[in-house]
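Please examine the sequence and the structure shown below before reading on. The paragraphs that follow lead from one part of the chain to the next.

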Amino acid sequence: MTNSQSLKSMGLKATLPRLKILELFQRTDQRHLTAEDVYRMLMAENMDIGLATVYRVLTQFEQAGLLERHHFESAKAVFELNHGQHHDHLVCMQCGRVEEFYDADIEEKQNRIASERGFKVREHALHLYVDCLKDDCPHKRNMPPAFPLNASE
């Protein structure tokens, strides 16, 4: 199915901004993008799509289930393609880098805990905020802390 057909099947017109933004998410190596990231990438490709349009399209894609929105302890939302497979996130407190993971034991334990308390998990989001322990981490070089640990920092 083409992107145009995919959008139409979700009740969205296949406009140029929607097609370009969807294509961008599909081809980029960066899985989690802010609206500003998307805007900058479009500008680098000489696409004349305004920031307000980018925000509107991202919201439409989220409402259609095409994208997922996350807030990783920052003021800015990040978006990722919804591939229909659940995963959790490790968020580096030094540089803000996000790594995805899936652990069946964690999933089972969450379901068991909910069940023991009379609940059934409908959905959940697990974000672990971590400190990188790798001395040679290329992501934390020359990076100020992404998320201050307290207000005085």
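The buried residues of helix α3 pack against α2 and α4. In this predicted model, the residues of α3 that are buried are Ala35, Glu36, Asp37, Val38 and Leu42. An α-helix has 3.6 residues a turn, so residues three or four places apart point the same way.

Among the buried residues of this helix, Asp37 deserves a separate look. Asp37 belongs to helix α3, and it counts as buried because its relative accessibility is 15%, where buried means under 20%. What does the side chain of Asp37 reach? It reaches the backbone nitrogen of Thr34, at 2.9 Å. Setting aside residues up to four places away in sequence, Asp37 also touches Gln30 and His32.

After α3 comes Asn46, whose phi is positive, near 60°. Asn46 is a residue other than glycine with such a positive value. Its place is the loop between α3, which covers residues 35-44, and α4, which covers residues 51-63. Is Asn46 buried or exposed? Asn46 counts as exposed, because its relative accessibility is 71% and the cut-off for exposed is over 50%.

The helix α2, against which buried residues of α3 pack, spans residues 16-27 and contains Pro17. With a relative accessibility of 22%, Pro17 counts as partly exposed. Apart from residues up to four places away in sequence, Pro17 touches Ile49, Thr53 and Val57. The C-alpha atom of Pro17 is separated by 9.5 Å from that of Leu42, although these two residues are 25 residues apart along the chain. Leu42 is one of the buried residues of α3.

The protein chain contains five helices and five strands. Along the sequence, these elements follow the pattern α-α-α-α-β-β-β-β-α-β. Of the 153 residues in the chain, 29% are buried.

His89 lies in strand β3, which covers residues 88-92. His89 is buried, because its relative accessible area is 2%, and buried means under 20%. Which side chains make polar contacts with the side chain of His89? One partner is His32, at 3.3 Å, and another is His87, at 3.2 Å. Beyond its neighbours within four places in sequence, His89 is in contact with several residues, including His70, Phe72, Glu80, Val98, Phe101 and Leu128.

Phe72, one of these contacts of His89, is found in the loop between β1 and β2, where β2 covers residues 78-81. Phe72 counts as buried, with a relative accessibility of 4%. The C-alpha atoms of Phe72 and His89 are separated by 9.1 Å, and the two residues are 17 residues apart along the chain.

Rolling a probe the size of a water molecule over the atoms shows where empty space is left. The second largest pocket has a volume of about 300 Å³. Its lining consists of 15 residues, and those nearest its centre are Glu68, His70, His86, Glu123 and His124. Which strand gives the most to this lining? Strand β1, covering residues 67-70, gives the most, with three residues.

Helix α5 covers residues 104-116 and has 13 residues. From its first C-alpha to its last, α5 reaches 18 Å, close to the 18 Å expected at 1.5 Å a residue. The N-terminal end of α5 is capped by Asp103, a side-chain oxygen of which lies 2.8 Å from the backbone nitrogen of Asp105. Following α5 is Gly118, whose phi is positive, near 85°.

The average pLDDT of the protein chain is 85, and 88% of the residues score at least 70. Over residues 149-153, however, the pLDDT is below 50, and this stretch has two contacts in the model beyond near neighbours in sequence.

How values were computed
Residues are numbered from 1 along each chain as its sequence is written. This is a predicted model: local features need pLDDT of at least 70, side-chain atom pairs count only at pLDDT 80 or more; totals for chains, interfaces and linings use all residues. Side-chain values use heavy atoms; hydrogens and water are left out. Helices (H or I, at least four residues) and strands (E, at least two) are DSSP runs, numbered from the N terminus. Buried means under 20% relative accessible area, exposed over 50%, partly exposed in between (1.4 Å probe, protein chains only). A polar contact is a pair of N or O atoms within 3.5 Å; within protein, one must be able to donate a hydrogen and the other to accept it, and residues adjacent in sequence count only if both atoms are side-chain atoms. Contact means heavy atoms within 4.5 Å. The expected span of a helix is 1.5 Å times one less than its number of residues. pLDDT is the predictor's confidence in each residue, from 0 to 100. On a 1 Å grid over the protein atoms alone, a cavity is a set of points where a 1.4 Å probe fits but cannot get out, and a pocket is an open set with protein on both sides within 12 Å along at least five of seven lines; lining residues have an atom within 4 Å of a point. Grid points are joined across faces, edges and corners, and a volume is the space filled by probe spheres set on the points.
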